[in-house]
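Here's a quick briefing to read with the model open beside you. Have a look at the fold, then work through the points below.

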Amino acid sequence: MRGFYIGRFQPYHNGHHSMVERISEEVDELVLGIGSADDSHTTHDPFTAGERIMMITKAVAEYDLTTYVVPLEDINRNAVWVSHVESMCPDFDVAYSNNPLVVRLFEEAGIEVRQSPMFDRDRLEGSEIRQRMIDDESWRDRVPPSVVEVIEEIHGIKRLQHVSDTDSLERYAAADESVEKSIEDLDD
């Protein structure tokens, strides 16, 4: 039996890894769909599809499971999304997701969907991990070691910190206030 599991994997983290481990007990093969494959170099989606393919391929190599990693671009048309996925992927028998919209779309298309509990969701959420990377806080314990290697190889932290920077007026106003305060302190 072949399963399908989709995520943005920004980055692929231990929650995803636990889900793949659980799925590997139920299927012989797994299609891993990389959602939003056309997005990169933003705070929300910092990594390219190719970089995410590297993360996933290296991380799932430890499982005795044939995997197919397929990038899927956003089409922004929910009514035809499942047929888009099916046209881009090898056939699959069951889909795995906890996303309510994804579950609904697959069920409406007549595809069996299996859900599972989230794994340590408070710690293992992509937005939290990305924010930790931006803030130079601990994040490496939240992703498989092979993903750490990929992120370091591509200088992913530097990229994420750079794209999260802003040229907004608020930033310049804060910088001006800081300079003015420093000048006042010198005068005192």
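Predicted model: local features only at pLDDT ≥ 70, side-chain atom pairs only at ≥ 80, totals over all residues.

- Five strands make up an open, parallel sheet, in the order β3-β2-β1-β4-β5; strands here are DSSP runs of E with at least two residues, helices are H or I runs of at least four, and both are numbered from the N terminus.
- At the edges sit β3 (66–71) and β5 (112–114), each pairing on one side only; pairing takes at least two DSSP bridges between two strands.
- On average, neighbouring strands of this sheet are turned by 25° against each other, direction ignored (axes are lines fitted to C-alpha atoms, and angles run from 0 to 180 degrees between N-to-C directions).
- β4 (residues 94–96) and β5 run parallel and are joined by three bridges.

**Helix α7**
- In α7 (residues 156–164), Gly156, Ile157, Arg159 and Leu160 are buried (buried is under 20% relative accessible area, exposed over 50%, partly exposed in between, with a 1.4 Å probe and protein chains only).
- Those four cover an arc of only 160° around the axis, so they end up on the same side of α7; the arc is taken from the directions from the helix axis to the C-beta atoms.
- Lys158 and His162, on the other side of α7, are exposed.
- The buried residues of α7 pack against α2 (49–60), α5 (126–134) and α6 (145–153), where contact means heavy atoms within 4.5 Å.

**Salt bridges**
- The whole structure has 11 salt bridges, each a side-chain nitrogen of Lys or Arg within 4 Å of a carboxyl oxygen of Asp or Glu.
- Arg8 pairs with Asp45, their closest N and O atoms being 2.6 Å apart.
- Asp45 is buried at 4% relative accessibility, whereas Arg8 is partly exposed at 26%.
- Glu26 has salt bridges to Arg22 (2.7 Å, N to O) and to Arg114 (2.8 Å between the closest N and O atoms).
- Shared partners link Arg22, Glu26, Glu112 and Arg114 into one network of salt bridges.

Methods
Residues numbered from 1 in each chain as written. Heavy atoms only, no water.
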